[in-house]
Amino acid sequence: MLCCRGKFLETELLTMPVKTVAVIGAGASGLAAIKCCLDEGLKPTCFEKSEDIGGLWRYKFNVEDDRASIYKSVIINTSKEIMCFSDYPIPEDFPNYMHNSKIMEYFKMYAEKFNLLNHIQFKTTVCSIKRSPNFSTSGQWTVTTEKYGDQEVTVFDAVMICTGHHTFPNLPLSSFPGIEHFKGQYLHSRDYKLPDNFKDKRIVVIGIGNSGGDIAVELSRTAQQVFLSTRRGAWIVNRVSTNGYPVDIAKLTRFGSLIYQIFPKLLNYVTEREINQRFNHGNYGLATRHR
């Protein structure tokens with residue numbers, strides 16, 4: 001009886017319909033989502049608005065609407081050991097901190113290795129995602145897509161949004177009274193590509209995040225003068241740490257996490273002292289109130 005019941009359950013599982021999943025976006029998260037769906041026996045269909053994978057990390061000189069954009073010199077600020085997909089290590093001959101072109105190369109290797117491209121529909125725009133009329137019982141979603149002017153409506157059991165959060169720029173011009181009378185050029189870092197057009201100009205970069213720091217340094221080599229403006233201080237940390245190891249490999253350890261939980265103030269003091277030995281933040285007007 002047990003054997004028969006087991007065969008019955010096996011037959012029942014084999015006849016169950018495969019769950020379908022719509023994956024929106026074929027960037028880093030979208031590729032991982034497709035791979036995970038396949039691992040779990042699901043049927044993913046990925047919709048990518050552009051003509052290729054990569055999302056944020058695919059550099060293009062022309063800025064496109066509704067798509068993240070990077071400047072040509074962007075290098076990842078996470079080491080390759082930390083940023084790689086867990087089931088596909090980055091090749092050993094790739095640099096610790098990769099240029100965006102190498103990241104794209106890695107993504108293509110990953111997609112080919114696990115046959116992900118066959119599950120992606122390129123140049124396809126997702127127009128709407130709505131609950132199906134019978135959502136309360138089925139949990140399904142109705143997805144409307146458009147490709148070459150033709151629309152298609154498909155029902156999916158689940159939807160995964162993998163479009164990232166760098167698509168739309170935050171350019172609060174209302175925060176700068178008189179901006180309408182400014183005769184110079186202003187733009188968001190999303191629209192910045194190369195330093196060539198800023199030769200011999202006086203420039204202020206607003207914001208001391210990763211992009212602000214990168215762009216200020218790059219422009220300083222061609223511009224007449226560059227100012228970096230920040231509302232508050234910040235901790236500036238090198239990519240390279242002890243013995244030349246990437247800082248996240250050298251510093252983010254289980255032991256360090258344990259020490260921080262037990263002695264948070266002590267570890268803050270030691271870390272801040274070490275960072276200030278490279279350059280004293282107070283001397284550069286970057287002293288912070290936060291630890």
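**Rings and strands**

Student: Are Phe 85 and Phe 107 buried or exposed?
Tutor: Both are buried (under 20% relative accessible area; exposed is over 50%, partly exposed in between; 1.4 Å probe, protein chains only). This is a predicted model, where local features need pLDDT of at least 70, side-chain atom pairs count only at pLDDT 80 or more, and totals for chains, interfaces and linings use all residues. Residues are numbered from 1 along each chain as its sequence is written, and side-chain values use heavy atoms, without hydrogens and water.

Student: How many aromatic pairs does the structure hold?
Tutor: There are 13 (Phe, Tyr or Trp rings, Trp by its six-membered ring, with centres within 6.5 Å; planes under 30 degrees apart are stacked, over 60 edge-to-face, the rest tilted). Among them, Phe 47 and Phe 156 are edge-to-face, 6.0 Å centre to centre with 80° between the planes. Phe 47 is in strand S2 and Phe 156 in strand S6, 109 residues apart (strands are DSSP E runs of at least two residues, helices H or I runs of at least four, numbered from the N terminus).

Student: Why does Phe 156 count as buried?
Tutor: Because its relative accessible area is 4%.

Student: And why is the Phe 85 and Phe 107 pair called tilted?
Tutor: Their planes are at 40°, with centres 6.0 Å apart, so the pair is tilted. Phe 85 lies in the loop between helices H3 and H4 and Phe 107 in H4, so the pair ties together parts 22 residues apart in sequence.

Student: New topic: which residue stands opposite Thr 145?
Tutor: Glu 152, in S6.

Terms used:
Pairing = 2+ DSSP bridges.
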